[in-house]
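The sequence and structure come first.

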Amino acid sequence: MAEVQLTSVRQVFRRSSGALVEAVAGVDLVFRAHEFVCMIGPSGCGKTTLLQLVAGLMPVTSGQIAVDDVAVSGPSPERGLVFQRDSVFPWMRSLDNVAYGLKCRGVDKAKRENIARDYLNQVGLGAIERSWPRELSGGMLKRVAVATVFANSPRVLLMDEPFGALDYVTKLQLHQTLLGLWGHYRPTVLFVTHDVDEAMLLADRIIVMKAGRVADDRQVTLARPRTVESLALPEAVAHKEVLLRHLGLNALVQDGKSAQ
Amino acid sequence: MNRAAVHKLAGFASVIALVALWQLASLVVPYETVPGEPMVPGWQVVFTRTFVSLADYWQGGLGVPSVADGGPRTYAGAVLAILSNSWDTSLRLFAGLGLGAFVGLAAGLAVSWSRWSRRIAALPAQVLRTFPMMALIPMFQLWFGATYLGMMLFVALAVGVIFFTGTANAVGNVADIYVDYARTQGATRLQIYRTVLLPAMFPELRSSILLGLGTAWTAVVAAEFLGAQTGLGQIIVSAQYFGYVDRMFVVALFLLLYAAITYALFERASRRLTEWMPRGQSANVYGAS
């Protein structure tokens, strides 16, 4: 179990002009164990910053983040992060990339390579373990990154618009791969996206962020696996309409009213 | 004919042109340094009397007496002179290169440890980068005399400065995302240095390494100019004393050959170390692909 608690979390940056910017403006949230949470919101709303704070990549300005009541004080393989940009090490072959975290923790070579091979197989990349990242497509690189975080057995999985740059088909394939791994290993997932359809397909819960605050927090109780049909059910459509309004896309919704 | 062949042919043609140009210069420049010693010695001089005259720099042994002890000038003596003096110069060079590269790299990595150490090192690094190191040779002479240690340390200093500034710069240009990715996977700071920063910065460090190699050859020969008893630099200075431009020229050709060999060896190693890079970006020290 891995419950993530955010208590009055604030993050303030100083711009090069000297002006202070409050990227996260007092967020209180609890992500329950095994929950798949999508965070959605316009650019600059603080969702990526929040993810990096949970990852421990920077200290919070004030407030506290804890996983199972243990305060986050820095990065840890227990909180794996898949980045928006390609972060796979280009100087390591695929297998070595997936085995990297295990190597850092002193797992012996044969064992870590077996584990890495297993995860590469699970993301459908068993045949490319000796390839250099330069030889892989964008979708394959994302699969390597997903295999890498899962190989570290994370209790919390943080994903920062991981599939944003991928084509439609590759993105849908990766959703299935991710849902399969999540269903099997059950980490708590915090997934940042711009894409309402992606959030509807993946999430148990969708959090909308605006100007550093939580603007909405919605439970999605649609049965899994979700299909084209289930995503056309009245509950799904209702969620989608509210989310689109939050993103300012009122024109796409029948009555055109904005969300509050 | 493919592109690589054209490149090769063009390179070969330019070498032939330079050889011909030298010969032409030897014909049109009639001056002599001292009677019988041409200012620009043609290839017919270089390949006949010059090479064997290098036997003068053999200090005797292995059954070949030195010319100073009354022995004849022989090709064996000339070959031994080149080999032994090249050996002495190489020892100074590689010892200095190794020391300078190691210390420069370590110092460059060390200053990247924290924001404060980077700030503290920034100005000295900038000054050192532009400082004419050769100006320090006489000072080294006074400190260490014309000793192996002094010459080695001088090469180490000249190379070390290049490695230091190159490393500090290259580390600073490694994308943060790789460091963050390693941190979220549990890498310690030392592991990040070894497994992320070193491989990620190598492509950028390559140009500093090449500059360091070239500087090492310059520094070792320059250091030998002042009082060394052996070495290729010492032959050049002693030949200059008697106006033997042809001998200086032959030693310069050997230096050219050695520098080319070290560059080629580095290129080979560099290719292996940058095998992971996208095509067209991997190592080629001569710029052609």
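## Nonpolar core

The largest nonpolar core holds 126 residues, a nonpolar core being a set of buried Ala, Val, Leu, Ile, Met, Phe, Trp, Tyr and Cys residues joined through C-beta atoms within 7 Å. A residue is buried if 20 or more other C-beta atoms, placed from the backbone, lie within 10 Å of its own. The residues with the most contacts inside the core are Val37(A), Val54(A), Ala147(A), Leu190(A) and Val155(B). Helix H6 of chain B (residues 148-172) contributes the most to this core, with 15 residues; helices (H or I, at least four residues) and strands (E, at least two) are DSSP runs numbered from the N terminus.

The model is predicted: local features need pLDDT of at least 70 and side-chain atom pairs count only at pLDDT 80 or more, whereas totals for chains, interfaces and linings use all residues. Residues are numbered from 1 along each chain as its sequence is written, with chains lettered from A and ligands numbered from 1 in the order in which they are written.

## Helices H2 and H3 of chain A

In chain A, the axes of helix H2 (residues 94-104) and helix H3 (residues 109-122) come within 8 Å and cross at roughly 125°. Axes are lines fitted to C-alpha atoms, for helices over the stretch in contact, and angles run from 0 to 180 degrees between N-to-C directions. H2(A) is therefore oblique to H3(A), since angles under 35 degrees count as roughly parallel, over 145 as roughly antiparallel, 65 to 115 as roughly perpendicular and the rest as oblique.

Residues in contact have C-beta atoms, placed from the backbone, within 7 Å. Among the residues making the helix contact are Val98(A) of H2(A) and Tyr119(A) and Leu120(A) of H3(A). Leaving aside neighbours within four places in sequence, Ala147(A) is in contact with Val98(A), Tyr119(A), Leu120(A), Gln122(A), Val123(A) and Leu125(A).

## Chain B

Chain B has 10 helices and 2 strands, in the sequence order α-β-β-α-α-α-α-α-α-α-α-α. Its C-alpha trace spans about 75 × 55 × 35 Å along the principal axes. Of the 289 residues in chain B, 31% are buried. Among contacts in chain B with a separation of 6 or more, 63% involve residues 24 or more positions apart.

## Contact between the chains

The contact takes 21 residues from chain A and 15 residues from chain B. On the side of chain B, the elements giving two or more residues are helix H7 (176-184) and helix H8 (189-225). H7(B) gives the most, with 6 residues.

How values were computed
Contact = placed C-beta atoms within 7 Å. Buried ≥ 20, exposed ≤ 12 C-beta atoms within 10 Å, placed from the backbone.
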